[in-house]
Amino acid sequence: EAAQTLNYLRFLVQKAQGSQLAPELADFALPEIERLERLVQHLRQFKLPPLGLAEVALAARLEQTLSTLDETCAKAGTSWAIEVPSHLWVHTDASYLAKALHCLASHALGNAPPGTVVAIGAAATDLNRGEEISVEVVDCGPPQPDPSPRALFDVWTLHTPDSQAARRAIAHRLLRHLGSTLTYEHTGGS
């Protein structure tokens, strides 16, 4: 639907060129065309193929993911503190999990002031004999302007793909696709 609207707006602008309506239509339509192009691009990114489930060692996957961010971490003047037991295994899609962890770690680096530590931990809990794994990424950054889930994980708010908002939305979308949840909390300066 978004692609059809985008194409229709392009058609209207082309058809109106040279007419009296062209400047007014262009003033309205060109920003809308740009916005719809970004929306269509985001929608294409969020169209996810089926999961390829496997047993994944969480600590190893996290270390692999963080190793891709070591240079960024050093440039930001921050460091990692990782507390993930080696015996934690997750039945999940390894590539989706890696992308979600990368987004969350990048988000934390973007929030962490120089000289601080980004703490990443994981633990398993036995909830009615079904094990649940919780992963926590903690930075010492400022609170988000609007901490409501609707604002934090809004897929439809259009941002550049490397923005903090996009990272949160992508991680949220991937984790929901994996059957997990993502929450945000600002307490005690973290």
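Welcome! In helix α4 (residues 70-76), E71 and K75 sit four residues apart, about one turn of the helix, and their side chains meet in a salt bridge (3.4 Å, N to O). This is a predicted model, and its protein chain has seven helices and five strands.

**Salt bridges**
- Searching the whole structure turns up three salt bridges.
- Helix α2 (residues 22-46) holds E32 and R35, three residues apart; they form a salt bridge in which the closest N and O atoms are 3.1 Å apart.
- E32 is partly exposed at 24% relative accessible area, and R35 is partly exposed at 34%.
- E34 and R38 also lie in helix α2, four residues apart, and their salt bridge has its closest N and O atoms 3.2 Å apart.
- For E34 the relative accessible area is 47%, which counts as partly exposed; R38 is partly exposed as well, at 31%.

**Overall form**
- Starting from the N terminus, the elements follow the order α-α-β-α-α-β-β-α-β-β-α-α.
- The radius of gyration is 21 Å, well over the 16 Å that the globule rule gives for 190 residues, so the protein chain is more spread out than a compact globule.
- Along its principal axes, the C-alpha trace spans about 70 × 40 × 30 Å.
- Of the 190 residues, 35% count as buried.
- Among contacts between residues at least 6 apart in sequence, 74% join residues at least 24 apart.

**Nonpolar cores**
- The largest nonpolar core has 33 residues, and L58, W80 and V118 have the most contacts inside it.
- Helices α3 (58-67), α5 (94-111) and α7, along with strand β4 (117-127), each supply at least two residues of this core.
- Helix α5 gives the most to this core, with ten residues.
- Another core, of nine residues, lies apart from it and includes L6, L9, A29 and V40.
- Beyond its neighbours within four places in sequence, W80 is in contact with several residues, including L66, C73, A105, L109 and V118.

**A buried arginine**
- R168 lies in helix α7 (residues 164-177).
- R168 is buried yet has no salt bridge, and the nearest side chain of opposite charge, D139, is 9.0 Å away.
- A polar atom of the R168 side chain lies 3.0 Å from the backbone oxygen of L152.
- Leaving aside neighbours within four places in sequence, the contacts of R168 include H107, Q144, F153 and L182.

Definitions and conventions. Residues numbered from 1 in each chain as written. Predicted model: local features only at pLDDT ≥ 70, side-chain atom pairs only at ≥ 80, totals over all residues. Heavy atoms only, no water. Buried < 20%, exposed > 50% of the residue type's maximum accessible area, 1.4 Å probe, protein only. Lys, Arg positive; Asp, Glu negative; His and termini not counted. Salt bridge = Lys/Arg side-chain N within 4 Å of Asp/Glu carboxyl O. Polar contact = N/O pair within 3.5 Å; in protein donor to acceptor, adjacent residues only side chain to side chain. Contact = heavy atoms within 4.5 Å. Core = buried A, V, L, I, M, F, W, Y, C linked by side-chain atoms within 4.5 Å. Rg over C-alpha atoms; globule rule 2.2 N^0.38 Å.
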